[in-house]
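Me: I am new to this protein. Please walk me through how its parts meet.

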Amino acid sequence: MSTSDDADVIVVGAGPAGSTAAHYCAAAGLSVLLLEKAEFPRDKICGDGLTPRAVAELVRMGVPVRPEDGWIRNEGLRVVAGGRSWELAWPDLASYPSYGLARSRMTLDHTLAQHAQRTGAKLQERTAVTGPLLDERTGRVVGVTARPVDGKGRRAGDETTYRAPVVIAADGVSSRFALALGLERREDRPIGVAVRTYFETPRHDDAWMESHLELWDGEPQASNLLPGYGWIFALGDGTANVGLGAVSSTPARQSAANVDYKDLFARWMANAPAAWEFTPENQRGPVRGAALPMGFNRKPLATRGMLLVGDSGGMVSPFNGEGIAYAMQAARVAADVVAQSRARGTDAARDRVLARYSRTMRDELGGYYTLGRYFVRLIEHPEIMRICTRYGLPRRVVMRFVLKLLSDCYEPRGGDWVDRVIAGLTRVVPAS
């Protein structure tokens, strides 16, 4: 860090990825500037459900996850398909706790940002990063350009610069920061779309995350099967997050599908389970949608003094649309290599350390994401999905396998035979 730098590391975006990275960097003794374009509390489009894998990351950070801290625990997944339902408890593993959590992004993101502040990171809200600051001689990222904005995102002052030897870009699916460096989205990776809203419901404290693998626009088996899957996640505050998503193997296939997801959602809600009371008068807020970038859809993850973390690097799981756990995992790895790089004496040595981030993420998640790409290609065919739900789910051994595979909650080393099969598959497929 030179006398002209504002911090050891600048983190762009204070979502789960950015705040987690800021926390770990600050915990390692680095000075951290965390820039967020909005003002907390602020909302994000998400299902608000956290798998045990994400819970493990929260615990590792030291974030309190007690009910009195605003969290509701869930025991597992209630899978609804073929006119039946199955309750699948989260597995009891050494690597992950046997429960998930739910909490709205309105408060989750604020909680993580405050946690990073308590660790020592400096949070600066209403600061829109406009692009990278490059060294004229080497082309390395040496900071960011940014401008203040008001509560509606409108310009509220002159553009300024902030300097740091390393920048972590956690600025979401569009990642203007990455685009400014020429890092385009890969067209050979899956992409998802999700829409959601909130309903007041008497079942707001339900102990199971509910997943509907089949969506019908009328009575099941006597109407049209809609192209997607739905979820109901109770939040314990009088409401539930209700949404649906769909995934395509490539952005081109998604565009060709030309689905009106808000209309699809309305048709599903017209036939939703009556016990939840998802009526128009109980709806709280509009139906909002977002893209889900999957399977490392932007690379390289580290280049020229900049690291991509979370949605900016396309780290959503193709299996289930889960992104928070992987964003936090990647942020932890990124912070470690950043801290290690600061102990090196030359740019070349620092770059070698930063490059380890890409290799580590490929080793940890590359095989699993490759399996996810194969999975997406299969379920794009409705007849395959119908066969799987009709003949596969009623078998308990199949359900155990599906739960661990789709939720990514298995022992990476050891465990039972299901864990060993999944871990073996992730090692034999190409990790790209």
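Reply: The side chains of R53 and D408 form a salt bridge, 3.1 Å from N to O (a side-chain nitrogen of Lys or Arg within 4 Å of a carboxyl oxygen of Asp or Glu). This is a predicted model, in which local features need pLDDT of at least 70 and side-chain atom pairs count only at pLDDT 80 or more, while totals for chains, interfaces and linings use all residues. Residues are numbered from 1 along each chain as its sequence is written, and side-chain values use heavy atoms, with hydrogens and water left out.

Me: Which domains is the protein divided into?

Reply: There are domain 1 (9-73 + 96-186 + 296-369), domain 2 (191-293) and domain 3 (373-428), with bounds from an automatic or database domain assignment.

Me: How many salt bridges are counted between domain 1 and domain 3?

Reply: The count is one salt bridge.

Me: What area do domain 1 and domain 3 bury between them?

Reply: They bury about 1,000 Å², 58% of it on carbon and sulfur atoms. Buried area is the accessible area (1.4 Å probe) that two parts lose on being put together, summed over both.

Me: Which three residues supply 51% of the area that domain 1 buries against domain 3?

Reply: Y96, F319 and Y368 do, more than any other three residues.

Me: Changing topic, how far apart do the C-alpha centres of domain 1 and domain 3 lie?

Reply: Those centres of domain 1 and domain 3 are 30 Å apart. The contact (heavy atoms within 4.5 Å) takes 10 residues from domain 1 and 10 residues from domain 3.
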